[in-house]
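Colleague: I have a structure to get through before class. Can we go over it together?

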Amino acid sequence: MRQGKFGDELARYYSDDIVSIEPGDPPTETCGRAAVAAKVQAWFDEYEVHNVTAMEPLIHGDRIVIVLDINMTARADWQAVSFQEAAMYQVRDGQIIEERFFF
C-alpha cells in the first residue's frame, strides 16, 4: 500500500471498530478506524518507506497472516531501517476487525 492510497483502503477494508495491536510489554491497542488511521499517518510521518515486499498470505478460517519485508528511513535521523514483521488480520463480513503485528 502506498501512503496516499492507505486512507481509501482503510475506509474500504477496516471495520468501524477495528482493533490494532502492536507488540510490547504490555501490547499497545488502538481502537476504532479514526484512531487507527491517525496511528498509520503518524507512522508515515515518522518514516519514509522505500520498499515493502509481502510474502504469500497464509489463510486459516477468518485469519490471514502476511509476512512483510520493509525498507525505510527514519525521518528523525535519516537512518536506514530494514526489518521483517508478520501482520495477522481477522476478518468478519468482509472487513478487518483486528490487526496484530509481530516483529
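Modeller: We can go through the cores, a few strands, the aromatic rings and the salt bridges.

Colleague: What kind of model is this, and how are residues numbered?

Modeller: This is a predicted model, in which local features need pLDDT of at least 70, side-chain atom pairs count only at pLDDT 80 or more, and totals for chains, interfaces and linings use all residues. Residues are numbered from 1 along each chain as its sequence is written, and side-chain values use heavy atoms, with hydrogens and water left out.

Colleague: Which residues make up the largest nonpolar core?

Modeller: Leu-10, Tyr-14, Ile-18, Val-36, Val-40, Phe-44, Ala-87, Tyr-89, Ile-96 and Phe-101, 10 residues in all. A nonpolar core here is a set of buried Ala, Val, Leu, Ile, Met, Phe, Trp, Tyr and Cys residues joined through side-chain atoms within 4.5 Å. Buried means under 20% relative accessible area, exposed means over 50%, and partly exposed is in between, using a 1.4 Å probe and protein chains only.

Colleague: Which elements each supply at least two residues of this core?

Modeller: β1 (14-22), α2 (33-46), β6 (80-92) and β7 (95-102) do. The largest share, 3 residues, comes from α2. The labels are DSSP runs numbered from the N terminus: helices are H or I with at least four residues, and strands are E with at least two.

Colleague: What about a second core?

Modeller: A separate core of 5 residues includes Tyr-47, Leu-68, Ile-70 and Ala-74.

Colleague: Back to Ile-18. Is it buried or exposed?

Modeller: Ile-18 has a relative accessible area of 0%, so it counts as buried. Ile-18 lies in strand β1.

Colleague: What does Ile-18 touch?

Modeller: Not counting residues up to four places away in sequence, Ile-18 touches Thr-30, Cys-31, Gly-32, Arg-33, Val-36, Ile-96, Ile-97, Glu-98 and Glu-99. Contact means heavy atoms within 4.5 Å. Separately, Ile-18 and Gln-90 are 72 residues apart in sequence and 9.6 Å apart in space, C-alpha to C-alpha.

Colleague: How many bridges join β1 to β2?

Modeller: 4 bridges join β1 to β2 (residues 28-31), and these strands run antiparallel. Two strands pair if DSSP finds at least two bridges between them. The bridge partner of Ile-21 in β2 is Glu-29, and a hairpin of 5 residues joins β1 to β2.

Colleague: New topic. How many aromatic pairs are there in the whole structure?

Modeller: A search finds 3 aromatic pairs. In one of them, the rings of Trp-43 and Phe-44 have centres 5.3 Å apart and planes at 75 degrees, so the pair is edge-to-face. The rule takes rings of Phe, Tyr and Trp (its six-membered ring) with centres within 6.5 Å; planes under 30 degrees apart are stacked, over 60 edge-to-face, and the rest tilted.

Colleague: Which residues do the ring pairs link into a cluster?

Modeller: Trp-43, Phe-44 and Tyr-47. Trp-43 is partly exposed at 30% relative accessible area, whereas Phe-44 is buried at 11%.

Colleague: And how many salt bridges?

Modeller: The count comes to 6 salt bridges, where a salt bridge is a side-chain nitrogen of Lys or Arg within 4 Å of a carboxyl oxygen of Asp or Glu. One of them joins the side chains of Asp-16 and Arg-33 at 2.8 Å, N to O. Asp-16 lies in strand β1 and Arg-33 in helix α2, so the pair ties together parts that are 17 residues apart in sequence.

Colleague: Are those two buried or exposed?

Modeller: Asp-16 is exposed, at 58% relative accessible area, and Arg-33 is partly exposed, at 22%.

Colleague: What does Lys-39 form a salt bridge with?

Modeller: Lys-39 forms a salt bridge with Glu-99, the closest N and O atoms being 3.9 Å apart. Lys-39 is in helix α2 and Glu-99 in strand β7, so the pair ties together parts 60 residues apart in sequence. Lys-39 is partly exposed, at 22% relative accessibility, while Glu-99 is buried, at 2%.

Colleague: Which polar contact does the side chain of Glu-99 make?

Modeller: The side chain of Glu-99 makes a polar contact with the side chain of Ser-20, at 2.7 Å. A polar contact is a pair of N or O atoms within 3.5 Å; within protein, one must be able to donate a hydrogen and the other to accept it, and residues adjacent in sequence count only if both atoms are side-chain atoms.
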